There are 2 protein chains.
Amino acid sequence: MRDFSKGHEWLSINTATIRKQHGAEVPLDRIIDQCAERGIRAISPWRDQVAAVGIDKIARQLKAHGIGLSGYCRGGFFPAPDAAGLQAALDDNRRAIDEAKLLGAPCLVLVVGALPGALDGKALYKDIGRARGEVRDGIAASLEYAGQVGLPLAIEPLHPMQAADRACINTLEHALDLCDELDPSRSGMLGVALDIYHVWWDPKLQQQIARAGKERLLAYHVCDWLTPTRDLLSDRGMMGDGVVELKKVRGWVEGAGFAGFSEVEIFSVFDWWKRAGEETLDICIERHRTVV
Amino acid sequence: MRDFSKGHEWLSINTATIRKQHGAEVPLDRIIDQCAERGIRAISPWRDQVAAVGIDKIARQLKAHGIGLSGYCRGGFFPAPDAAGLQAALDDNRRAIDEAKLLGAPCLVLVVGALPGALDGKALYKDIGRARGEVRDGIAASLEYAGQVGLPLAIEPLHPMQAADRACINTLEHALDLCDELDPSRSGMLGVALDIYHVWWDPKLQQQIARAGKERLLAYHVCDWLTPTRDLLSDRGMMGDGVVELKKVRGWVEGAGFAGFSEVEIFSVFDWWKRAGEETLDICIERHRTVV
């Protein structure tokens with residue numbers, strides 16, 4: 001296992017972590033400068049943050065700072081109640097792939113979607129098996145285009161508490177089954193983004209990480225699980241503040257061949273989003289070196 | 001599949017569903033009277049509710065009304081930071097088994113516990129593998145006593161969002177693996193309490209229900225998953241108000257041989273616990289006949 005104690009060359013910041021500072025939205029170009037000031041070598045930005053500043057400007061800024069991407073957030077949300085909706089999702093994923101390619105991302109992270117309308121509290125259907133079928137078809141279609149472009153897709157299994165509204169792929173095993181179905185040759189074009197927040201509880205985690213192997217492990221995200229957790233989406237903890245065995249799991253991930261960035265992704269409406277971005281980043285670096 | 005539309009003979013009320021009425025705690029003897037008034041044939045009471053009134057009084061009241069139990073809540077919480085704590089948990093589970101037997105329960109429901117201290121926000125250790133080992137050992141020891149008494153134990157897999165603080169058995173597959181390890185002969189003394197709230201999201205649900213079979217399916221709990229869900233413990237929905245495919249899953253459960261009660265268990269700090277118990281019960285009956 002790599003020794004992170006000496007520095008933070010393998011730290012990446014998912015820009016959602018400091019998208020709010022002192023409770024207010026902060027533009028991505030400012031976030032990139034804050035990362036650059038600390039010698040952070042990689043980020044994973046969100047599409048809406050990129051669009052708000054302009055993708056060409058962001059691409060130039062990243063290049064000027066020598067900052068790379070550990071992923072691009074996000075494609076997915078494939079299920080829809082009708083054919084027009086399914087097609088619109090495919091079109092949007094194609095644009096996401098193009099953006100990821102332009103920015104030099106190693107993968108597009110897929111939050112695959114679930115019951116259409118559920119995110120607005122009004123599920124248009126309840127058949128999660130149907131949603132899973134639409135996800136499979138959507139990934140298959142997107143994978144074809146991704147292969148042409150040369151931009152790998154990373155399915156992110158989301159915590160089961162988000163199965164209704166955000167992603168109906170909810171375990172690493174489930175994601176890997178889908179990878180094996182759609183990419184049996186392990187081409188490197190389809191894999192997973194493993195976010196410890198979503199999978200830490202899984203009794204099959206170690207076994208499935210070993211199964212995934214280097215070809216399927218396209219991204220690794222860290223934060224921590226707080227007790228109590230007060231919100232199903234935005235109450236993630238800073239590494240070390242919760243109950244996740246971070247070093248143990250990183251050992252499994254690296255044992256399977258992963259040698260990429262450890263990407264910090266914290267949604268925190270009660271705590272970190274209220275603080276100064278500089279403070280949050282400094283603590284991310286310190287925790288990366290000590291507990292990740 | 002049984003036709004529930006004609007009546008509610010297979011409805012059971014988990015007494016947590018109306019433990020609060022108009023926002024205030026209601027004693028179990030009052031709850032039992034409310035159920036009896038509606039011809040409800042079974043309940044599943046909680047130990048603290050029974051103790052508050054007195055177990056002998058409750059036993060007499062149930063007998064007078066001809067009301068049976070569909071389960072007894074609850075044993076479990078096996079993990080502990082030291083040997084004294086582990087022994088105390090075993091002793092407490094022995095008492096729970098005795099109480100369940102005295103009340104004529106068909107099973108004792110086990111919420112197995114997780115990281116000791118996590119429920120109070122201060123996990124005494126983080127090794128969920130250790131907690132799972134302590135759970136295994138605790139069930140093995142309790143099973144020996146349960147077998148002597150003739151009182152089956154029902155492991156309740158809890159939703160992964162409760163893996164840190166309430167139960168580290170989080171999928172039906174995980175629970176059945178443990179059953180097979182500790183009771184390979186499928187004696188009928190060890191099985192599962194399948195609560196749809198905890199398992200509805202699982203892509204392996206249908207397969208694992210079939211695997212469980214009649215000998216392992218000791219209890220079946222219903223409610224619904226709301227979107228949004230505002231609290232990790234107490235924001236369950238009334239059947240029909242959420243996204244769970246209730247009839248589909250009951251079809252799987254009955255297809256596997258289950259022919260017992262459909263037990264309503266709703267923790268609802270924002271809605272049902274604020275209402276009159278009579279209203280909640282009447283709606284439970286109506287939904288049991290129409291959507292369960």
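Predicted model: local features only at pLDDT ≥ 70, side-chain atom pairs only at ≥ 80, totals over all residues.

Analyst: Two strands pair if DSSP finds at least two bridges between them.

User: What makes strand E4 of chain B and E5(B) a pair?

Analyst: Strand E4 (residues 42–44) of chain B and E5(B) are joined by 2 bridges in the parallel sense. The criterion is at least two bridges, so the two strands count as paired. Within this pair, B:Ile43 lies opposite B:Leu69 of E5(B).

User: Why are strand E5 and strand E6 of chain B called edge strands?

Analyst: The open sheet of chain B has 9 strands with parallel pairing, in the order E5-E4-E1-E11-E10-E9-E8-E7-E6. Strand E5 (68–69) and strand E6 (72–76) of chain B each pair on one side only. Helix H9 (residues 246–255) of chain B packs on this sheet, touching strand E9 (190–195) and strand E10 (217–222). The direction of H9 makes about 175° with that of E10(B).

User: Why is the meeting of A:Glu173 and B:Lys204 called a salt bridge?

Analyst: The N to O distance between the side chains of A:Glu173 and B:Lys204 is 3.2 Å. The cut-off for a Lys nitrogen and a Glu carboxyl oxygen is within 4 Å, so this pair qualifies as a salt bridge. Between chain A and chain B the count is 4 salt bridges, and 8 residue pairs are in polar contact, both residues being at pLDDT 80 or more.

User: Which helices of chain A supply at least two residues each to the side that touches chain B?

Analyst: They are helix H5 (128–149) and helix H6 (172–182) of chain A. The residues on that side of chain A comprise 15 nonpolar, 9 polar and 10 charged.

User: How much area do chain A and chain B bury between them?

Analyst: The two chains bury about 2600 Å², with 63% of it on carbon and sulfur atoms. A:Lys126, A:Trp201 and A:Leu232 supply 21% of the area that chain A buries against chain B, more than any other three residues.

Methods:
Residues numbered from 1 in each chain as written. Chains lettered and ligands numbered in written order. Heavy atoms only, no water. Helix = DSSP H or I, 4+ residues; strand = E, 2+ residues; numbered from the N terminus. Contact = heavy atoms within 4.5 Å. Axes fitted to C-alpha atoms, helices over the stretch in contact; angles between N-to-C directions. Buried area = accessible area lost by both parts, 1.4 Å probe. Polar contact = N/O pair within 3.5 Å; in protein donor to acceptor, adjacent residues only side chain to side chain. Nonpolar A, V, L, I, M, F, W, Y, C, P; charged D, E, K, R; others polar.
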